[in-house]
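Biologist: Please show me the structure, and then we can go through it by question and answer.

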Amino acid sequence: MLTNAIKGVKDILPEDVRRWRKVESAARDIFAVYGFSEIRTPIIENTVLFARSIGATSDIVEKEMYAFKDHGGDEITLRPEGTAGVVRAYIEHKLYAKNPVTKLFYAGQMFRRERPQAGRLRQFHQTGAEVLGASEPSVDVEVLAMLSDLFKTLGIKGVELQINSLGCADCRPKYREALKAYLMKRYEQMCPDCQRRIETNPLRALDCKSEHCKAATSYAPAMADYLDDGCRGHFAKVKEGLDDLGIAYAVNPRMVRGLDYYSRTTFEMVAVDKAGAQNAVAAGGRYDGLVEELGGPATPGIGFAIGMERLILMLPDEGEAVSGPALFIAAIGDEAGCLAQKLAHDLRKSGVWVELDYSGASLKSQMKKADRLGSRNVLIIGGDELAKGAAVLRNMQTKEQADVLIEGLADRLIKRLV
Ligand code: ATP
Ligand code: MG
């Protein structure tokens with residue numbers, strides 16, 4: 001117990017963090033050129049926020065939330081996704097009053113109590129972006145362009161951008177009824193979850209991973225045939241915009257998304273060689289009713305969240321070269337040790353990566369250590385050298401070495417190594 005992390009949560013060890021930072025910094029760079037600012041919201045929120053925004057009949061709220069009563073009796077939930085908190089903050093701080101259009105991104109841990117497996121954790125990370133205050137299809141195109149740019153920049157192959165339209169509060173109810181009638185006729189073939197969903201949330205039957213439900217719904221009515229003029233026009237413009245920018249996509253008429261707040265454009269970045277579950281690397285959509293639903297002024301919105309663990313699994317292997325320190329100081333004896341520490345301190349203040357030996361080991365073993373660290377240079381300071389007021393600087397690549405004067409050495413090394 002003491003030496004095992006909780007089921008479904010993972011340590012990210014130093015050798016993995018390099019890949020994480022690469023993805024995080026690529027995302028930051030791309031979000032910046034699209035004009036998105038970072039927002040950091042708390043990991044805990046009032047439970048009611050998620051119940052209201054994600055939807056009481058969603059998988060997340062029904063069975064995946066880490067919700068608890070704290071010692072003061074408050075109902076608290078560890079955030080299962082990022083949009084609800086961002087929209088809550090947007091309303092609370094009246095960000096809508098500052099700018100007509102607000103573009104935000106976030107990155108951080110999310111929590112869902114799911115069955116742990118590859119690509120499905122209980123604590124995982126999402127990086128996401130939201131645009132609030134703009135309903136035009138060109139905004140959907142821009143958000144999708146940004147997402148595609150990121151995947152391209154990272155060299156990720158084998159993903160497909162799938163899009164769909166879920167209609168709006170005017171046209172979706174008619175579709176819902178048609179789908180419900182269709183599903184009722186196939187009640188016996190469906191899994192118990194979907195049998196229940198026919199009443200509560202029939203669209204989710206289209207997203208069910210059970211083979212029976214997939215078969216039963218294969219000829220189900222499609223939302224595309226029920227879109228009203230406004231929604232149909234919006235969807236057409238999104239597709240046109242993507243075509244104009246040369247962004248490849250496929251329309252997936254069965255994509256419904258598990259969260260209740262979506263309207264009109266929805267999308268997923270899907271790993272094409274992985275069938276079924278855990279194949280969505282990023283997902284999002286438009287949520288034009290959410291801000292109002294949470295008590296803010298009627299404000300359209302659109303956003304996505306990238307599942308970072310799944311994205312990182314797809315990164316091409318670059319056999320990343322690890323660079324070592326610029327200098328290792330091998331010091332023999334106490335006096336040399338003090339000098340080494342002082343030198344290292346001066347060099348580090350100037351941004352030079354310096355490593356030292358702490359053990360007072362032999363020169364041979366210190367050289368071995370420098371080698372293991374991949375240090376580019378070694379400065380050797382021993383008793384003999386000290387007496388001469390000199391040290392030996394060895395280039396570990398060329399194996400050349402030269403005597404260097406200790407007087408003023410820090411400044412000369414800084415010039416050389418920075
Ligand atoms: P799925 O169908 O895989 O359950 P979802 O619809 O629940 O996905 P979203 O809520 O849309 O997922 O979250 C966006 C992305 O976050 C997903 O596409 C996925 O990459 C990632 N994600 C969601 N749940 C998990 C999890 N438990 N572990 C790791 N990544 C996850
Ligand atoms: Mg899920």
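Modeller: R176, K180, L183 and M184 in helix α6 meet I198, E199 and T200 in helix α7, where contact means heavy atoms within 4.5 Å. This is a predicted model, in which local features need pLDDT of at least 70 and side-chain atom pairs count only at pLDDT 80 or more, while totals for chains, interfaces and linings use all residues. Residues are numbered from 1 along each chain as its sequence is written, chains are lettered from A and ligands numbered from 1 in the order written, and side-chain values use heavy atoms, without hydrogens and water.

Biologist: What is the handedness of the crossing of α6 and α7?

Modeller: Helices (H or I, at least four residues) and strands (E, at least two) are DSSP runs, numbered from the N terminus. The axes of α6 (residues 172–184) and α7 (residues 192–200) come within 9 Å and cross at roughly 145 degrees; axes are lines fitted to C-alpha atoms, for helices over the stretch in contact, and angles run from 0 to 180 degrees between N-to-C directions. A crossing is left-handed if the near helix is turned anticlockwise from the far one by less than a right angle, and right-handed if clockwise. The crossing of α6 and α7 is left-handed.

Biologist: Is T266 buried or exposed?

Modeller: T266 lies in strand β9 (residues 263–271). Leaving aside neighbours within four places in sequence, its contacts are Q162, I163, N164, L166, M255, R257, G284 and G285. Buried means under 20% relative accessible area, exposed over 50%, partly exposed in between (1.4 Å probe, protein chains only). With a relative accessible area of 0%, T266 is therefore buried.

Biologist: Which residue of β16 is the bridge partner of R394?

Modeller: An open sheet of five strands has the order β13-β12-β14-β15-β16, with mixed pairing; two strands pair if DSSP finds at least two bridges between them. The edge strands, each pairing on one side only, are β13 (354–356) and β16 (401–405). Strand β15 (residues 390–395) runs antiparallel to β16, and five bridges join them. In β16, the partner of R394 is Q401.
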